[in-house]
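Open the model in your viewer and keep the selection tool at hand.

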Amino acid sequence: MSRVECIREQEVLDAITSGRWPDRLSEDLSAHVADCTICADLGLVAESLSADYQESLKNVRVPSAGLVWWRAELRARQDAVQTVNRPIRWAQYIAAACSLAAVVILLRLVDFSSFGGFDLRGAIGHFLPIPIVYVTLGGLAVVLSVAAYFVLFDD
Amino acid sequence: MRDITLSELQRLEPQTADDVLQMDPETFSALYERTSRPLWVYLWRRTGDSQLADDLLQETYYRLLRSRATHESEAHRRNYLFRIATNLVHDVFRRRHEHSPLPEETAREHPSVMPNVDENRSRQDLDRALSKLSLRQRDALWLAYAEGSSHLEIAEKLGLKVGSVRLILFRARRKAAKLLRGGRSHS
């Protein structure tokens, strides 16, 4: 495998930092760079990037530390409130789903043609097998317990 | 269903300032003074968008302040800061499905850092060359030769091994130098 580094790289970098690159190099280093592609590439690339960086850095305007801190604090507050609200929001979704399920079941059980003499057992026996009703009620009880857990306990 | 009570909100208050932000304002201010300008330039030159650089600067410090990572030294914290910034820049590129900022935009977008004509040409050459490199190569080159980071620091900032950094830098330099020489001979 060909070599990826040269022992004189640091000298090239020092020459760039001190402004000696490329015209005021020592004879020895200048001769080395002419023969060493690694150092020649390094000099060209590092000098371009360094000059670009120094130029960019001159007139940069960044917000004050206080402003960045204040925004971070505000954001942290919002995130904390969101964290507290998350279980409550989930409980609300679950409660809404349970209510919807209860309404659907009730609508299926009610016999609107004979509303005066409504027979719940007959209606259940007619529309739904009893085990399904029990499984549904059991499922609702589990969901409500989970919802209660999220509401009453912290994350 | 219940709303958040006042006591819960009060319980939340001290958390936000002291517990959630993992630094006191004085320490943050000192760190910010030392790191914000080079960090902003890094974000700007990597994204080519000054507005985006502003937003990413804020996000970088926010993530640092929320992080529970422990830092052995100031240098380690600085490396961690650049690592957050690098990840944010990569996220931006991933979202955009592109790998290179528009070269000319970089100089145009921020009038306060607009260089003169010669410098602008050099910058365009540099941008054109960098745009042909991979994200990792660009990060490594910038950190090494603009920031002056050591191989170890670059490894920490990019989450790589030192050996990988050497190889990435070598390949990136070779490719960038070739492109720069090509650009200069054309102009």
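**Stop 1: the cysteines.** Select C36(A) and look for its closest cysteine sulfur: that sulfur sits in C39(A), 3.7 Å away, too far for a bond. A disulfide here means a pair of cysteine sulfur atoms within 2.5 Å. Now move to C39(A). Its closest cysteine sulfur is in C6(A), at 3.6 Å, again too far for a bond.

C36(A) is buried at 5% relative accessibility, and C39(A) is buried at 0%. Buried means under 20% relative accessible area, exposed means over 50%, and partly exposed lies in between (1.4 Å probe, protein chains only).

**Before going on.** This is a predicted model: local features need pLDDT of at least 70, side-chain atom pairs count only at pLDDT 80 or more, and totals for chains, interfaces and linings use all residues. Residues are numbered from 1 along each chain as its sequence is written, chains are lettered from A and ligands numbered from 1 in the order in which they are written, and side-chain values use heavy atoms, with hydrogens and water left out.

**Stop 2: a serine in a helix.** Select S56(A). It belongs to helix α3 of chain A; helices are DSSP runs (H or I, at least four residues), numbered from the N terminus. S56(A) is buried, at 0% relative accessible area. Follow its side chain: it reaches the backbone oxygen of D52(A) at 2.8 Å.

**Stop 3: the interface.** Show both chains. Chain A brings 47 residues to the contact and chain B brings 55, contact meaning heavy atoms within 4.5 Å. About 4700 Å² is buried between chain A and chain B, with carbon and sulfur atoms giving 65%. That area is the accessible area (1.4 Å probe) that the two parts lose on being put together, summed over both. Select L49(A), Y53(A) and W69(A). In chain A these lose the most area to chain B, together 15% of what that side buries.

**Stop 4: charges across the interface.** Select R66(B) and D79(A). They form a salt bridge, with the closest N and O atoms 3.5 Å apart. The rule wants a side-chain nitrogen of Lys or Arg within 4 Å of a carboxyl oxygen of Asp or Glu. Across the interface of chain A and chain B it finds 7 salt bridges.

**Stop 5: the helices that touch chain B.** Colour α1 (9-17), α3 (37-58) and α4 (65-109) of chain A. These elements each give two or more residues to the side that touches chain B. Which one gives the most? α4(A), with 18 residues.

Key: A polar contact is a pair of N or O atoms within 3.5 Å; within protein, one must be able to donate a hydrogen and the other to accept it, and residues adjacent in sequence count only if both atoms are side-chain atoms.
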